[in-house]
Amino acid sequence: HVQLVESGGGSVQAGGSLRLSCAVSGFAVCMGWFRQAPGKEREWVGNINGIGSTNYADSVKGRFTISKDNAKNTLYLQMDSLKPEDTAMYSCAADLSPGCMGRRDFRYWGQGTQVTVS
């Protein structure tokens, strides 16, 4: 069983930073972050695999960093230089399938945490 619970969302000013956390039970080998703004399609943010390799969407590359702490069973999304267009509900996701860097269709999802940038 894999369960995911996001936290750390809130309201920040443009140019600010925020760190999201995703508490994980039954830690998966492939994890990702997604976001969805009202009226828009769900957007992939980035992935991290079992050895810590990451990849990111062009829209967040250089500003967002995904990491994980296996001892704390926690996935993180560090968000810097935030822009108003980053405003969205952010969700973490997990899967056990190979090919993590190219995976976008995840089996397990958290409930999401709201990020608002003004």
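## Strand pairing around β11

Strands β9 and β11 pair in the antiparallel sense over three bridges, where strands are DSSP runs of E with at least two residues, numbered from the N terminus, and two strands pair if DSSP finds at least two bridges between them. Within this pairing, Y90 stands opposite T113 in β11. β11 also pairs with strand β2 (residues 10-12), in this case in the parallel sense and again over three bridges, and here G10 stands opposite V115.

The model is a predicted one, in which local features need pLDDT of at least 70 and side-chain atom pairs count only at pLDDT 80 or more, whereas totals for chains, interfaces and linings use all residues. Residues are numbered from 1 along each chain as its sequence is written, and side-chain values use heavy atoms, with hydrogens and water left out.

## The four-stranded sheet

An open sheet is formed by four strands in the order β1-β3-β8-β7, with antiparallel pairing. Its edge strands, each of which pairs on one side only, are β1 (3-7) and β7 (64-69). β1 and strand β3 (residues 18-25) are joined over five bridges, and in β3 the bridge partner of E6 is C22.

Leaving aside neighbours within four places in sequence, Y90 is in contact (heavy atoms within 4.5 Å) with residues including E6, L20, F34, L77 and V115.

## Salt bridges

The structure holds five salt bridges, each defined as a side-chain nitrogen of Lys or Arg within 4 Å of a carboxyl oxygen of Asp or Glu. R35 forms one with E43, the closest N and O atoms being 2.8 Å apart, and another with D86, where the closest N and O atoms are also 2.8 Å apart. Because R35 lies in strand β4 and D86 in the loop between β8 and β9, the latter pair ties together parts that are 51 residues apart in sequence.

R35 counts as buried at 6% relative accessibility, and E43 as partly exposed at 29%, where buried means under 20% relative accessible area, exposed over 50%, and partly exposed in between (1.4 Å probe, protein chains only). The side chains of D95 and R103 also meet in a salt bridge (3.0 Å, N to O). Salt bridges that share partners join R35, E43, R63 and D86 into one network.
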